[in-house]
Amino acid sequence: MSHRMRLTAEKIAQRIDLISPKVARNRAPIDNFVLEELTDASVRPDTSVSARDAVGEVLDWESHWGGQNLHFALRSRFSVPRGWRAPALHLPLGTAGDIFCHPEALLFIDGRAEASADRHHHTVDLSPDLADGAPRELLLHGWTGLTGWPPDPSDRSRLFLGECSVVDIDRELRRFLSVAGTALELARGFGDDRPEKHGILSALDAAFLTLDTRDPMEDAFRASVAPAARVLAAGLELAGPPLDVVLHGVGHAHMDVAYLWPTAQTRLKNARTCSNALRLMERYPEFRFSHSQPRLYDWTERDYPEIFDRIRSRVRSGEWEVLGGMWVEPDANMPGPESLVRQILLARNYCESRFGKGAETPVLWLPDTFGFPGSLPQLMVQAGLRWFVTNKLSWNQYNRMPASTTWWEGI
C-alpha cells in the first residue's frame, strides 16, 4: 500500500489536531490575572499577598499583554471541583518569538513553589488532593523574554494571553496522543524505501480507524481510546524488528549562567528547571535527571531552600544525579591553571559537603565550552575526575575529530 498516495501521514496529523483538545475532559474558570510589574529579576514578589488584595492591571482573556523584557507577577485564585481525577492548570501565556521558552514563570500555589510554565508547557498537573473545591492562591513569577533572534530591543510586539482555566485531564487520551505523535514523527523521518515507515503508518492508520470520532466526540469517543491504543501498540510491534541496542534516556537541562541575561535571571530559571524535574519524578517514578554546576545548586539552596531539600532527597534515592566537575562550566582557555584548580576544588568540596561523599559523578562536564587546554587531563586525574564530556568538538569546521569517544593524553 502506498501511504504517500493515500496521504496517510497528513491524515493522521489532521486527526491528532482534531482530538488533542479533548485531552481536557472538563474545564473550570480561574480568576483573571492581576499583573504586577517588577523592576528586574532580583525583585521577588510577596507570596503572602492574596490576588484579591493585589494592585495592578486586570488582564482580559484572549487579549494582548506584556511586551518583551518584562519581569512580572501574575496573581489569581482558583479551585478544583470535587471529584476531578486528574486536575491541572492550563496557562497559555503566549509566545515571545525567541529561540528559548519565554515567557516563563515559576508557579506558586498558596505560597509554595510547585512547578513552572512556559510557552512549550501550558499545562501543569495538580495533585488530586486539591480536588476539594477549596479556593487556592495562584502566583506566577516570571519574565516575558527577549523577542526575535538576535533580540531586538526596539520590537514592540506583545504576548497574547489565551483563556486560562483548571482542567480535568483524560490521561488515557494523553498517553495515546504521546505515542501516536512520536510514531508519526518517527515515520516522517524515514525514507519511503524503509519498510519500518510503512509499518508505522499502517499501525497509526488502523488505530485511528478504531477511534470513534463522530460528533459530539464524548462518551463513545472516550470509550474507543483504550482499544485504539491497543491496536497502535500491536501494530508498532509488527512495524519492524527491534534494534539490538538499549537506550537510556536521562533528563538534563543545559544552563548558561551568563549569556543574554543577568545572573539574577539565571537564578530564577534554575528554580523553574529544578521544580519541573522534581514534578516529573513525582509523576514518573522511572524518570532520572542530571543537573550540573554547583553554583546553581548553591543558588537554589539560598533562594529556595524547600526546592533544595527536595533535590537532596532525590539525590539520596538515586533519582537525581549531581554533575559537578567545576563550580560553573567555564571558559577553559582564558583562565590560568590556578583558576581551573579552584573551579574544581570549590565544586568537589561543595558537592561532598551538601550531598555526601561519592554523590557527585566524577565527570568534568563542559558540553558548551569552546576550547580545552592540554593541562585539563592531569588536573582531572589529581582531582579524582574520570571522564570528560563536551559537545563542541563536533562543531569544529577545520579539525575534524576522528571519533566521538576518545582517550585523551595530557601534557
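Reader: To start, how many aromatic pairs does the count come to?

Author: The count comes to twelve aromatic pairs. Rings of Phe, Tyr and Trp (its six-membered ring) pair if their centres lie within 6.5 Å; planes under 30 degrees apart count as stacked, over 60 as edge-to-face and the rest as tilted. Please note that this is a predicted model, where local features need pLDDT of at least 70 and side-chain atom pairs count only at pLDDT 80 or more, while totals for chains, interfaces and linings use all residues. Residues are numbered from 1 along each chain as its sequence is written, and side-chain values use heavy atoms, with hydrogens and water left out.

Reader: Why is the pair of Phe33 and Trp61 edge-to-face?

Author: The planes of the two rings stand at 85° and their centres are 5.7 Å apart, so Phe33 and Trp61 form an edge-to-face pair.

Reader: Where in the chain do Phe33 and Trp61 lie?

Author: They link distant parts of the chain, 28 residues apart. Phe33 is in the loop between β1 and β2 (34-38), and Trp61 is in the loop between β3 (57-58) and β4 (63-64). Helices (H or I, at least four residues) and strands (E, at least two) are DSSP runs, numbered from the N terminus.

Reader: Are Phe33 and Trp61 buried or exposed?

Author: Both Phe33 and Trp61 are buried. Buried means under 20% relative accessible area, exposed over 50%, and partly exposed in between (1.4 Å probe, protein chains only).

Reader: Which residues do ring pairs link into a cluster?

Author: Phe287, Phe289 and Trp320 are linked into a cluster by ring pairs.

Reader: And what sits over the ring of Trp395?

Author: The charged end of Lys392 does, 3.2 Å from the centre of the Trp395 ring. A charge sits over a ring if NZ of Lys or CZ of Arg is within 6 Å of the ring centre and within 35 degrees of the ring normal.

Reader: Let us turn to the overall picture. How many helices and strands does the protein have?

Author: There are ten helices and 18 strands. The C-alpha atoms fill a box of roughly 70 × 65 × 45 Å along the principal axes. Of the 411 residues, 46% count as buried.

Reader: Which strands are joined to β10?

Author: Strand β5 (residues 71-78) runs antiparallel to β10, with eight bridges between them, and Arg77 stands opposite Glu137 in β10. Strand β7 (residues 104-109) is also antiparallel to β10, through six bridges, and here Ile109 stands opposite Leu138. Two strands pair if DSSP finds at least two bridges between them.

Reader: How many residues of β10 are buried?

Author: Seven of the eight residues of β10 (residues 136-143) are buried, so the strand is mostly covered.

Reader: What about the second largest pocket, which residues are closest to its centre?

Author: Phe388, Thr405, Thr406, Trp407 and Trp408 are the closest, out of 23 lining residues. The volume of the second largest pocket is about 820 Å³, and its lining divides into 13 nonpolar, eight polar and two charged residues.

Reader: How many cavities does the search find?

Author: The search of the whole structure finds two cavities of 30 Å³ or more.

Terms used: On a 1 Å grid over the protein atoms alone, a cavity is a set of points where a 1.4 Å probe fits but cannot get out, and a pocket is an open set with protein on both sides within 12 Å along at least five of seven lines; lining residues have an atom within 4 Å of a point. Grid points are joined across faces, edges and corners, and a volume is the space filled by probe spheres set on the points. Ala, Val, Leu, Ile, Met, Phe, Trp, Tyr, Cys and Pro count as nonpolar, Asp, Glu, Lys and Arg as charged, and the others, Gly among them, as polar.
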